[in-house]
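Good morning, colleagues. My topic today is how the parts of one assembly meet one another.

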Amino acid sequence: MRRPRSGARRFLLYAVLCVCAAATLLPFLWLVRSALMKDGQIFKSPPEWLPSPFAWHNFGGALTAQPFGRYFLNTLTLELAIVPGVLFVGSISAFAFARLRWRGRNTVFAVLLSALMLPYAVTLVPTFIGWQYAGLVGTYVPLSLPAWLGAGQIGSIFLLRQFFLSIPRELDDAAYVDGARPWTVYWRIVLPLSRPALLVVGIFTFIGVWNDFLNPLIYLADAKRYTLSLGLAMFQGSYSAQWGYLMAASTIVILPIIVLFFLAQRHILEGITLTGLKG
Amino acid sequence: MQRSRLPSRRAVLRAGAGALLGGAAAGCAFVPENRAHHLEFLFWGSIYEDRGVHAVSRAFSRRPGRLPVAAQVVGGDYATKINTLVAARQEPDIAYLPAGLAMRLGEGGLLVNLLDYRHKYPQIDDLLPQALHYYTETAAVPQTAVEVMMLWYSTRLFSKAGVPEPPVDTASAWSWDRYLETCDRLTFDEKGRRPSEKGFDPTQVRQFGATAPTTVNTTLYALLRSNGADLFDEKGTRCIIDSDAAVEVVSQIVEMMYEHRVAPSPTLLTSMNTGTALLLKSGRVATTIDGYWNLLDLANAQFPYGAGVLPKFQEPMTAQTSGITGIFKRSQYPEQAVEFYLQMADPRSCPLYKQGLWMPLERSFYTDPKLLATWTDTKIHPAGFDRSTAQPALHNVSPDPTFRIRNSSEVFAQLTPALDPIWLGKHRGTASVRKALRHAADVTTPFLAGVYPDVKM
Amino acid sequence: MTALATRSSRPDGRRRPRARHAVGGLARMERRWGIGLALPVVVGFVLFTVGPMIASFVISLTDWTIGGKVRWVGFGNYRAMFGSDDLFSKSLGVTLYYTLLAVPLGLAIAFGASLLLNRDVRGRGLFRVLFYLPVLVPSVASAVLWTWVYNPDFGLLNQLLRAAHLPTSQWIYSDTMAIPSLAIMSAWGFGNATVIFLAGLQGVPRHLYEAIDVDGGGAWAKFRYITVPMMTPTIFYNLVMGLIATFQVFNEAYLMTSGGPDNATLFYNYYLWRTAFSDGRLGYASALAWVLFLIVVVATALVFRSARRWVYYETGDGR
């Protein structure tokens, strides 16, 4: 971390930060103020920023209109079934692609990347048919099992690979000279040095699962198994939306991930630097 | 190597074990459910509709010998869900279907022909002809309900301006000019000036008299038909939205926004659009042409509202639309599905009619005063509603053309965007509008692929 | 400093001298473990990507309409696409234009923000959360906000422009400004890339900066000769992922513009989705998907190829 020297530059830095923060805060403020407004006020033009009256009942109404407690537990179940898989499989395969030398690994990796490039809309139907043959449509298996095989997670693997590549090779070589096996290098050298990256992948995966709409929409067949994002979508009817409820429920639903992000960001950024290793 | 405050590997392992345990506890969600001996019903809609449907489902399942109904409501992207299910041949027993999809599935032989059951269930013969859609000469699917366009208004704003309220009889429907005149008296800028008065500030309008009826297959369609115009020719091979009669209607609607200034432009409307009920309640708009289904929201919004018949160009006319409720041939229980559908269609067993979401499908619920009262004689239906709704629904109605023409989703995907520049005010004056409409017709015509059979019961 | 600069810009790290160890045994072990650890992902790829990919390619050679009959049409869909489908070329143009605007803009903002947030400032954690917030606000909710921001009559932007006596715009309602408007809007979602940049910045060894201090270089020299070269793997990652994601942009059209006005924001993926799930033409949609796929593959391959010239890896043998 570098500390700007002169007072003027420091002031400038804060000014820029505050302007940017104001801009990025805008959507969230909009969400919260809408959550506290009656439907009529949300869309007043020109728009108003202060709710009058404060429509606190939006929160109660939204949360009781649907079984959000159940949706919350369902979503949490999915998180538990997916995030560890992504971290484990993502890191071992990134390790294989970044730190173990074998012929063809870059080609294989490039081919894997292509999974990101085929539009989802057309693989949806064949994939669904596959799960149907397996008899697992309606369960959480199609939503979680692919993550344990890296499917839909190539982006995470790519990210981890990029980070693993930035760790000096000499560390591995030294361990191999001492007779270490690749697993030891993975577990004792690469993983500890990549905690920020693992945390990033973990957080991104968590948020991705939290917000995923399309997969639960397609694969779930019973409202008892619905997730939070499906619950939110229920407030946008085909003809009219219950905006106050939608905004209130959205606010509640994103609060946990805001807190999670706040707790995690420190670790992402105050993790280990490589200074001590090379210097 | 610096020790960080990150979780240790042991903690990670522990978390992993916890995850597995948690997963096992919630493991039931990983095991397929046994859905045999259920009637699977897939539908879209608001939370109110969900409640209404579940009420009918429960009542249905309680009857002896009837299957439990597994009703699944889908919020958000219904099209993707239903299309995926159909593509995988994993259809539910019964489902709401968008018009284009329903006709295609019917033709593809995937849907039960409702007419096959008319001997067993005589109610089917009572269904309004415009609510049945024939995909072959002898086979048809029914609408979920009937929805006609009406002229909704805020009675408070009318009495405040001292303007007579819209008529509820088609016989005395307002002319378009009369409607514009009324809207002028209901439009005010921030200083209280009307559009026809000197110094009116169109950038600071407090209250508009109307919204522009620009939805091509419903509100615009009603007015086009009222002027004797149509979107497509009889055989469904040519788009004729550039006819003189159509040019007149479209020009008038453009003038309404940009010349008479009694209706907001589309850019303004999208930013204040909370749906019809709140537009009227908030006093941003005094009248608006929109579907019957808005009654449910209007009733919940709790303010004085009224409903009249649409203004006319020549003939009084409204448009009628709705989704389709389709029963899939793949269902093992088609007869139970038909019965369930008919129960949904009966205002005496389904609360959604009285609540103002749906209008009945059976003719007798319009013609028999006693039956008419079962769904219009409520606190939420405004005075004269039996006339303002029942008459047009039976006599002065043009069904949504989406049902009639083949390939409708692609056709409207061409036509609707081609009209955008017109509504945005880029074409003013009859000649310019005509040119733009000709262009719209030209880009749409190549996608027309004929019509479905026009069978009158 | 000169030494550092040469080292970091060395195009091919593979020429560095190899570490000394028994080559044969280690190479065999690395190969075995490498293939073994990559295996789950390869299996997943075959099951969940190759399978559906082949299926969708076969489907693209038919005229399958959901619920209708299926006929083999060979490359007919592809011919129709390039022959007579105006919306295909329109949507491709729209998407390319958007990609060219949104990807560099997003990268620049995300990188700039990460440099700011990496400073030792008070309330850093709070700022990081604030910068990340737009990613978390559901797009349905932010779509409403942006519709207001871009409203020509009383929207935030035009109000600001009017106050500054600058010309106003129709923004998303203008066929020329709609795409730039959406690109600007997309810049708000820079949070993910910023987090990745920040994590990458932690990996830049501090002793390199100290070397610049010793050489008497300033902040610019540090940025130009240390930060940027050391961050190239991360920049590369964000560039590739941004490119791939932006080519498949969908939500903005789906939630805000429905492709309008007059198809000005008809993104390729939105057109594809409409073809598949509104028109039900799965055959044609699959053909559309394969063309987009090939375009993205070529674009990504070009970036990968260029990476040899500008991406620097510590291990020297990534590509």
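Across the interface of domain 1 and domain 2 of chain B, the rule finds 1 salt bridge. Please keep in mind that this is a predicted model. The salt bridge pairs B:R406 with B:E107, and their closest N and O atoms are 2.4 Å apart. On the domain 1 side, the largest share comes from helix α4 (residues 99-107) of chain B, which supplies 4 residues. By class, that side of domain 1 of chain B divides into 6 nonpolar, 5 polar and 1 charged.

Let me place these domains in the chain. The domain assignment of chain B gives residues 39-146 + 322-345 to domain 1, and residues 147-320 + 399-447 to domain 2. Taken over C-alpha atoms, the centres of domain 1 and domain 2 of chain B lie 32 Å apart. In the contact between them, 12 residues of domain 1 of chain B meet 10 residues of domain 2 of chain B. The two domains of chain B bury about 1,000 Å² between them, and carbon and sulfur atoms account for 59% of that area.

I turn now from the domains to the chains. The size of an interface is often given as the accessible area lost when the parts come together. For chain C and chain B, the buried area is about 2,000 Å², with 54% of it from carbon and sulfur atoms. In residue terms, the contact takes 27 residues from chain C and 26 residues from chain B.

How many salt bridges does the rule find across the interface of chain C and chain B? The rule finds 1 salt bridge there. The side chains of B:E410 and C:R281 meet in a salt bridge, at 2.9 Å from N to O. Between chain C and chain B the count of residue pairs in polar contact is 10, both residues being at pLDDT 80 or more. Helix α13 (residues 268-277) of chain C gives the most to the side of chain C that touches chain B, namely 4 residues. The residues on that side of chain C divide into 12 nonpolar, 9 polar and 6 charged.

The remaining interface joins chain C to chain A. Here the buried area is about 9,500 Å², and 75% of it lies on carbon and sulfur atoms. In chain C, the residues that lose the most area to chain A are C:E30, C:F48 and C:Q202, together 7% of what that side buries. The contact takes 97 residues from chain C and 103 residues from chain A.

The rule finds 2 salt bridges across the interface of chain C and chain A. One of them is formed by C:E30 with A:R101, with the closest N and O atoms 2.7 Å apart. Chain C and chain A also have 10 residue pairs in polar contact, both residues at pLDDT 80 or more. Helix α2 (residues 23-60) of chain C gives the most to the side of chain C that touches chain A, with 23 residues. By class, that side of chain C has 64 nonpolar, 18 polar and 15 charged residues.

Thank you for your attention.

Methods. Residues are numbered from 1 along each chain as its sequence is written. Chains are lettered from A and ligands numbered from 1 in the order in which they are written. This is a predicted model: local features need pLDDT of at least 70, side-chain atom pairs count only at pLDDT 80 or more; totals for chains, interfaces and linings use all residues. Side-chain values use heavy atoms; hydrogens and water are left out. Contact means heavy atoms within 4.5 Å. Buried area is the accessible area (1.4 Å probe) that two parts lose on being put together, summed over both. A salt bridge is a side-chain nitrogen of Lys or Arg within 4 Å of a carboxyl oxygen of Asp or Glu. A polar contact is a pair of N or O atoms within 3.5 Å; within protein, one must be able to donate a hydrogen and the other to accept it, and residues adjacent in sequence count only if both atoms are side-chain atoms. Helices (H or I, at least four residues) and strands (E, at least two) are DSSP runs, numbered from the N terminus. Ala, Val, Leu, Ile, Met, Phe, Trp, Tyr, Cys and Pro count as nonpolar, Asp, Glu, Lys and Arg as charged, and the others, Gly among them, as polar. Domain bounds come from an automatic or database domain assignment.
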